[in-house]
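Subject: Structure handover and notes

Hello,

I am passing this structure on to you, with notes on what was found in it below. Please read them with the structure open.

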Amino acid sequence: MSTSDHADFGVLTDPFGDPSDPGNRPARLAVGVVGTGRVGPALAAALQLAGHRVVAASGVSTASRRRAETLLPGVRLVSPPQVLAAADLVLLTVPDDALAELVAGLAATGAVRPGQMVVHTSGAHGVAVLEPAATAGALPLALHPAMTFTGTAVDLARLAGCPFGVTAPEELRPVAEALVVEMGGEPEWVPEEVRPLYHTALAHGANHLVTLVAQALELLRTAGVAEPGRLLGPLLGAALDNSLRSGDAALTGPVARGDAGTVHRHLAQLETASPDIGQAYRAMARATAQRAVRNGSLKEEAAAALLDVLNEENH
């Protein structure tokens, strides 16, 4: 998208200056939130703590409206067009699949004003999804906090040092990064063309980690462990720390050692305890073996024996 065709962004970069310099604070903005799920109210509250003014919010469900009332007390709850009418900076914090339709609808009704900052927080999208708003003269920004949200005040503390995936027209990059810094975050520039891959990586790591941990907890409970979280916590914490520091070099366990006999016994246990988890174990073990071979910690012959075990249908 060539958003520079729709608006002159250059005039906005000077007031922000270097976003890492606390002396360069953006002008105070009237902030509105469309979508008061777990993310929007927390980010709006962070901007309010930085000195901006949250003037309006829009939420549909009872839970989302209650969240807004808790994190943004006194802020009026209105329709999305009314939010845009009141705000200089609009946070669009709706589900990924609803974003394009929302932006198109707001632009079509004339709710978007020239010079208005329109910010979405979807990791899956860059600024192309904001094209209708940019055509109407808005300043499009994609600011994705790489964190899970609870929808409570605890999220504000977690924003300190939180990485944000930032995508914007180059002219607006200082503006986008300054807003992230004001929310307490750390901007990480993500070019438009790799935004989908960026989000795939985060979802694969965070979402599937939850599934993996939940499966391990389930098996430990089946094994009679009363407090499986207490048992797993230190082990998983160390594994996560080691893998973030060392990548594939942190691989340990029977697959990385090429211990096909142990893997065979694991699969036999899973056949009885949980065939569904057994399938996940097979898939992860195959991926682990492939990475261990690539980094040289597992010999091809040992990997072949492992794959023979993993490819057997019944144990």
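S1 and S4 pair in the parallel sense over 4 bridges, where two strands count as paired if DSSP finds at least two bridges between them. Strand S1 covers residues 30-34 and strand S4 covers 89-92. Helices (H or I, at least four residues) and strands (E, at least two) are DSSP runs, numbered from the N terminus. Across this pair, Val31 stands opposite Leu89 in S4. Val31 also stands opposite Val54 in S2; S1 and S2 run parallel and are joined by 5 bridges.

Two notes on the source. The model is predicted: local features need pLDDT of at least 70, side-chain atom pairs count only at pLDDT 80 or more, and totals for chains, interfaces and linings use all residues. Residues are numbered from 1 along each chain as its sequence is written, and side-chain values use heavy atoms, with hydrogens and water left out.

The chain as a whole

The protein chain holds 14 helices and 8 strands. Its C-alpha trace spans about 65 × 40 × 40 Å along the principal axes. Of the 315 residues in the chain, 40% are buried, buried being under 20% relative accessible area, exposed over 50%, and partly exposed in between (1.4 Å probe, protein chains only). Among the contacts with a separation of 6 or more, 64% are between residues 24 or more positions apart; contact means heavy atoms within 4.5 Å.

The sheet

The 8 strands form an open sheet with mixed pairing, in the order S3-S2-S1-S4-S5-S6-S7-S8. Strand S3 (76-77) and S8 are the edge strands, each pairing on one side only.

S4 is covered on both faces: Leu89 and Leu91 lie on one side, Val90 and Leu92 on the other, and all are buried. S4 also pairs with S5 in the parallel sense, over 4 bridges, and the partner of Leu91 in S5 is Val119. Together with helix H5 (residues 96-108), these two strands make a right-handed β-α-β unit. Right-handed here means that, with the strands pointing away from the viewer, the path from the first strand over the helix to the second runs clockwise.

Further along the sheet, 4 of the 5 residues of strand S7 (residues 163-167) are buried, so S7 is largely enclosed by the rest of the structure. Strand S6 (residues 139-145) pairs with S7 in the antiparallel sense over 4 bridges, and His144 stands opposite Gly165 in S7. S7 pairs with strand S8 (residues 186-189) in the parallel sense, again over 4 bridges. There the bridge partner of Gly165 is Glu188 in S8. From S7 the chain crosses through helix H8 (residues 173-182) to S8, in a right-handed β-α-β crossover.

The cores

A nonpolar core is a set of buried Ala, Val, Leu, Ile, Met, Phe, Trp, Tyr and Cys residues joined through side-chain atoms within 4.5 Å. The largest one has 33 residues, and Leu89, Leu91, Leu141, Leu143, Phe164 and Leu179 touch the most other members. Two or more residues come from each of S1, helix H2 (40-49), strand S2 (53-58), S4, strand S5 (117-120), S6, S7 and H8. H2 gives the most, with 6 residues.

Leaving aside neighbours within four places in sequence, the contacts of Leu143 include Val119, Phe164, Gly165, Leu179 and Arg195. Apart from this core lies another, of 22 residues, among them Ala30, Ala56, Leu92 and Leu106.

The helices further on

Helix H10 (residues 228-246) has 19 residues and reaches 27 Å from its first C-alpha to its last. This is close to the expected 27 Å, taken at 1.5 Å a residue as 1.5 Å times one less than the number of residues. H10 bends by about 25 degrees at Pro234, the bend being the angle between axes fitted to the seven residues ending there and the seven starting there. Just after H10, Gly247 takes a positive phi of about 60 degrees.

Ala214 is in helix H9 (residues 195-222) and is partly exposed, with a relative accessible area of 39%. Ala214 and Gly229 are 15 residues apart in sequence, and their C-alpha atoms are 9.7 Å apart in space.

Ser274 is in the loop between helix H12 (260-273) and helix H13 (275-294). Ser274 is buried, with a relative accessible area of 9%. Not counting residues up to four places away in sequence, Ser274 touches Glu218 and Leu219.

Regards
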